[in-house]
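These are my notebook entries on a single protein chain.

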Amino acid sequence: MPTIFSHPAVPLGLAPWFRRVPRSLIALAAFVSSVPDADVAAFGFGIPYDHPLGHRGFTHSICFAVLFAAFAAFAYVRLAKNDAPFRLAFTFLFLALLSHGLLDAMTDGGKGIGFFIPFSNARYFLPFRPIRVSPIGAGGFAEEAGVVLGSELRWVWGPFAAIALLGVALRRLKETT
């Protein structure tokens, strides 16, 4: 899995492509993009990795992304002091959550992602897997932090910084014409 430091790169990179996304929604999406990794708590309850509720299971699924994005968008629209419509909040949060599983499916380790749980327990990787998997736990991460973070800079932060800059440039170009 990419680290919790890199999952927020996706909503930060996509934000310029959306019209009038409040900063509070961008911050929420950056936080929400790491929520699926709360499933590591399953290990403490004796739930094995490859169980549907285990690591990279249900919380990494499309179903979870839809449900959690709907819940978070509803709460956001009700509590935020701005005019962000539900559709915008839901779409932005859904993409942030969905991106988590997609980035994890691009790593070089683990047992795959349960994209279709609860309908299928099969686990998948994407054919392109350049991102170095981050070890679970602080000890393993400390040993490989340089390699892992370097991989994430190259394959996550770099591309999403470019996507963000392109979005900003196109928006400014559109405003001047």
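The entries below record what I looked up in this model, which is a predicted one.

**Entry 1: α2 against α3.** I began with helix α2, residues 23–32, and helix α3, residues 62–79. I found that their axes lie 12 Å apart and that the two helices pack at an angle of about 150°. Angles over 145 degrees count as roughly antiparallel, and therefore I recorded α2 as roughly antiparallel to α3. I noted the crossing of this pair as right-handed. On the α2 side, the contact is made by Ser24, Leu25, Leu28 and Val32. On the α3 side, I listed Phe68, Ala72 and Tyr76.

**Entry 2: α2 against α4.** I next turned to helix α4, which covers residues 86–104. The axes of α2 and α4 come within 8 Å and cross at roughly 30°. From α2, the contact residues are Leu25, Ile26, Leu28, Ala29 and Val32. From α4, they are Leu88, Ala89, Phe92, Leu93, Ala96 and Leu97.

**Entry 3: α3 against α4.** How do α3 and α4 lie relative to each other? I read that their axes come within 8 Å and cross at roughly 140°. The two helices are therefore oblique to each other. I recorded that α3 passes α4 in a right-handed crossing. Among the α3 residues in the contact are Ile62, Phe64, Phe68, Ala72 and Tyr76. The α4 residues include Phe86, Phe90, Leu93 and Leu98.

**Entry 4: salt bridge.** How many salt bridges does the model hold? I counted one salt bridge. Side chains of opposite charge can pair when their charged atoms come close. Here the side chains of arginine 56 and aspartate 104 meet, at 3.7 Å from N to O. I noted that this pair links distant parts of the chain, 48 residues apart. Arginine 56 sits in the loop between α2 and α3, while aspartate 104 belongs to helix α4.

**Entry 5: backbone details.** Which two residues does a cis peptide bond join? I found isoleucine 117 and proline 118, with omega at about 15°. Proline 118 is located in the loop between α4 and α5. I then examined arginine 20, whose phi is near 50°. That is a positive value in a residue other than glycine. Arginine 20 lies in the loop between α1, residues 9–14, and α2.

**Entry 6: surface.** I found one of about 450 Å², made by Trp17, Ile163, Leu166, Leu170 and Leu173. Leucine 173 is placed in helix α5, which spans residues 138–176.

Note on methods: Residues are numbered from 1 along each chain as its sequence is written. This is a predicted model: local features need pLDDT of at least 70, side-chain atom pairs count only at pLDDT 80 or more; totals for chains, interfaces and linings use all residues. Side-chain values use heavy atoms; hydrogens and water are left out. Patches are made of residues with over 30% relative accessible area and no salt bridge: like charges are joined within 9 Å, nonpolar side chains (Val, Leu, Ile, Met, Phe, Trp, Tyr) within 5 Å. Accessible areas come from the Shrake-Rupley method with a 1.4 Å probe; for residues, only the protein chains shown count as cover. A salt bridge is a side-chain nitrogen of Lys or Arg within 4 Å of a carboxyl oxygen of Asp or Glu. Helices (H or I, at least four residues) and strands (E, at least two) are DSSP runs, numbered from the N terminus. Axes are lines fitted to C-alpha atoms, for helices over the stretch in contact, and angles run from 0 to 180 degrees between N-to-C directions. Angles under 35 degrees count as roughly parallel, over 145 as roughly antiparallel, 65 to 115 as roughly perpendicular and the rest as oblique. A crossing is left-handed if the near helix is turned anticlockwise from the far one by less than a right angle, and right-handed if clockwise. Contact means heavy atoms within 4.5 Å.
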